[in-house]
Amino acid sequence: MRPSDFPRDAKFYDPSIPPFCDEGGMFHVLSHADVMRVLQNKDEAFSRDQEPYLGEGAPIHMAMEFMWMVEPFTLDGETGRHDVLRGVVEPWFKNNAVRTMEPVIRQLTVDTVNEVVSKSTGTVNVATEMSSRLSMRVICRLLGMDIEREDWMRAQLDIFNTSPWDDMPPQWEVQAYFWQMVAKRLADPSDELLDVLVSAWSDGTIDDRELLGYLFGFTAAGTDTTGASLANAFCYLAEFDKLDWARDRIDDDEALRRATEEILRFGTPFPMKPLYVRSDVRFGDLEVPAGSVLAVWFAAANRDEAVNGGQAGSDPSTFDPERWPNRHLALGWSTHYCLGSELARLETRILLQEALRRLPGLRMDTSKPFRRIAGIVDSVTEAHFIFDQDAADRVRAELARDN
Ligand code: HEM
C-alpha cells in the first residue's frame with residue numbers, strides 16, 4: 001500500500017458520483033456543493049444528535065454531551081445546547097490557543113523528536129513514534145492532564161473508539177481522574193483552557209456531564225485526527241518527492257501553511273460524517289426521507305474541482321503542496337467547523353520544522369510496509385522512515401549548545 005492509496009472503495013473519493021442510497025439504506029453525498037449544502041444546514045434538516053441511534057435507557061457516554069453531538073436545535077425543534085457549549089470555549093481557542101500553545105507544542109515536539117534520536121537506530125515509525133505520540137501529548141497539555149498519563153489515556157481512547165455506540169462503557173476511572181483534575185484546578189487556578197471550563201461549571205453555565213463531555217470530547221476530537229494528519233505530512237511529502245522542497249522552506253511559515261492545507265485536503269483524516277435526516281429532502285432526483293442516515297463525504301468533496309475556488313489550480317487528484325486557494329472541507333464548515341483547526345495546523349508546521357531539522361536525510365523506507373486503517377479516522381499505523389543517525393547526533397549537540 002502507498003500513502004496515497006485509498007483505504008476503502010474508490011467511489012467514496014469520487015465527487016462526480018451522484019447522491020445515492022446503498023443496499024443498507026444509508027444515503028451518501030459526495031460533491032463539494034452537496035456536502036456544503038448539508039454542512040450549511042439552512043433548513044435544519046440534518047442533525048448530529050445521537051438520540052435516534054440509542055436504545056431506550058441506553059447509557060450515555062460523556063463524549064455524547066460534547067458540542068460535536070448536539071445542534072443549536074433539538075430533534076423536536078427546540079433550542080439546543082450547541083451554541084452555549086461552543087461559546088464557552090470559542091474565545092479561548094480564538095485568542096489564546098495558538099499564542100499560549102506555540103511554545104508548549106515546540107517543546108513537546110523537540111522532546112518527541114529527541115527521543116527518536118536517542119534510540120540510535122536511524123529509524124523511526126513516523127506514525128507511532130512521532131505523530132500519534134505528539135498529538136496525545138499536546139492534548140494532555142491543552143487540557144491540563146499529566147503527561148505521564150499519555151499511555152493510559154491512549155488506552156482509554158481506544159476503548160471508546162472500539163465500543164459500539166449503543167453500549168458504551170461509562171469509563172468510571174476516566175471520570176474520576178477528570179474530577180481530580182477539576183478539584184486541583186479549583187484549589188490552584190491558572191489561566192488555561194481547564195480554568196475556562198471550571199469557571200463555566202462553577203457559575204452554572206454548564207453542568208457536571210457537560211464538563212466531563214468537554215474533557216473527553218476534546219481528547220477524542222483532537223488526538224487521532226491530528227495524529228493521522230501529522231503522519232500524512234511526512235508520507236505524502238516522501239511519496240511525491242517533496243521532502244527536499246519542504247527542507248528548503250523550513251522557515252517559510254506561509255509555504256508550510258499552504259502545504260499543511262494540502263496535506264489536510266489530500267488525506268482528509270476524518271473522511272465522512274453520518275447525519276440524521278429530520279425532514280424529507282431532495283438531492284437532484286434522489287428523495288431522502290425523514291428518519292434516514294445521510295453520510296457526507298469530506299474525502300470526496302475534497303477531490304472536487306471546486307477546491308480550487310474557480311481558479312486554474314492543479315488537478316485535485318494530485319498532491320500539490322503549493323495549491324492556493326485550497327477550499328477543502330477536511331475541517332468541516334459552518335456551525336461545526338473544527339474548533340482545533342489552528343492547533344492542528346500549528347502542530348503540523350512545528351513537527352515538520354523540528355523533524356526535518358533534527359533528522360537529517362529523513363526519507364521513507366520503502367522496503368517496509370505502509371499501513372492505513374479505514375475508520376472514523378483513517379489512522380496511519382505504520383510509516384517507516386530512515387535518517388542519518390550520526391548527522392542527527394551532531395545536530396542535536398549543536399542545537400543543545402546554541403540554546
Ligand atoms: C487534523 C486534525 C483535525 C481534523 C482533520 C479535524 C476535523 C474536524 C471536522 C471535519 C469537524 C467537523 C465535524 C462535523 O461537521 O460534525 C471537526 C469538529 C471539531 N473539532 Fe476537529 N479536527 C482536527 C483537529 C482537532 C483538534 C486538535 C481539536 C481540539 C483540540 C479539535 C476539536 C474539534 C471540535 C471541538 C469540533 C466540534 C466543533 C463543533 O461541533 O462546533 N479538532 N473537526
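Student: Hi! Which residue is the bridge partner of Val-29 in β8?
Tutor: Val-29 has Val-296 as its bridge partner in β8. Keep in mind that this is a predicted model.

Student: Okay, and how do strand β2 and strand β8 pair there, in the parallel or the antiparallel sense?
Tutor: Strand β2, residues 27–29, and strand β8, residues 293–297, pair in the parallel sense, over 3 bridges.

Student: What does helix α1 touch when it packs on the sheet?
Tutor: Helix α1, residues 32–40, touches β2, β3, β5 (272–277) and β8. The direction of helix α1 makes about 120 degrees with that of β8.

Student: In what order do the 5 strands of that open sheet come?
Tutor: The order is β1-β2-β8-β5-β3, with mixed pairing.

Student: And why is one side of β1 and of β3 left without a neighbour in the sheet?
Tutor: β1 (20–21) and β3 (46–47) stand at the edges with a single partner strand each, so one side of each has no neighbour in the sheet.

Student: What holds paired strands to each other, by the way?
Tutor: Strands of a sheet pair through backbone hydrogen bonds, and they can do so parallel or antiparallel.

Student: Let's move on. What is the order of the open sheet with 3 strands?
Tutor: That one runs β4-β12-β9, and the pairing is antiparallel.

Student: How many bridges join β4 to strand β12?
Tutor: There are 3 bridges between β4 and strand β12, residues 384–386. Thr-123 stands opposite Ile-386 in β12.

Student: New topic: the ligand. Which of the 25 residues around the ligand come nearest?
Tutor: Gly-222, Thr-225, Gly-332, Cys-338 and Gly-340 come nearest.

Student: Which helices each supply at least two residues of the shell?
Tutor: α8 (208–222), α9 (224–239) and α13 (341–358) do.

Student: How do the shell residues divide into nonpolar, polar and charged?
Tutor: The shell has 15 nonpolar, 7 polar and 3 charged residues.

Student: Now zoom out for me. How many helices and strands does the protein chain have?
Tutor: The protein chain has 14 helices and 12 strands. Its radius of gyration is 21 Å, close to the 22 Å from the globule rule for 403 residues, so the chain is as compact as a globular protein of that length.

Student: What share of the 403 residues is buried?
Tutor: Buried residues make up 40% of the protein chain. As for contacts between residues at least 6 apart in sequence, 72% join residues at least 24 apart.

Conventions: Residues are numbered from 1 along each chain as its sequence is written. This is a predicted model: local features need pLDDT of at least 70, side-chain atom pairs count only at pLDDT 80 or more; totals for chains, interfaces and linings use all residues. A residue is near a molecule or strand if its C-beta atom, placed from the backbone, lies within 6 Å of it. Helices (H or I, at least four residues) and strands (E, at least two) are DSSP runs, numbered from the N terminus. Ala, Val, Leu, Ile, Met, Phe, Trp, Tyr, Cys and Pro count as nonpolar, Asp, Glu, Lys and Arg as charged, and the others, Gly among them, as polar. The radius of gyration is taken over C-alpha atoms; the globule rule is 2.2 Å times the number of residues to the power 0.38. A residue is buried if 20 or more other C-beta atoms lie within 10 Å of its own, exposed if 12 or fewer, and partly exposed in between; C-beta atoms are placed from the backbone. Two residues are in contact if their C-beta atoms, placed from the backbone, lie within 7 Å. Two strands pair if DSSP finds at least two bridges between them. Axes are lines fitted to C-alpha atoms, for helices over the stretch in contact, and angles run from 0 to 180 degrees between N-to-C directions.
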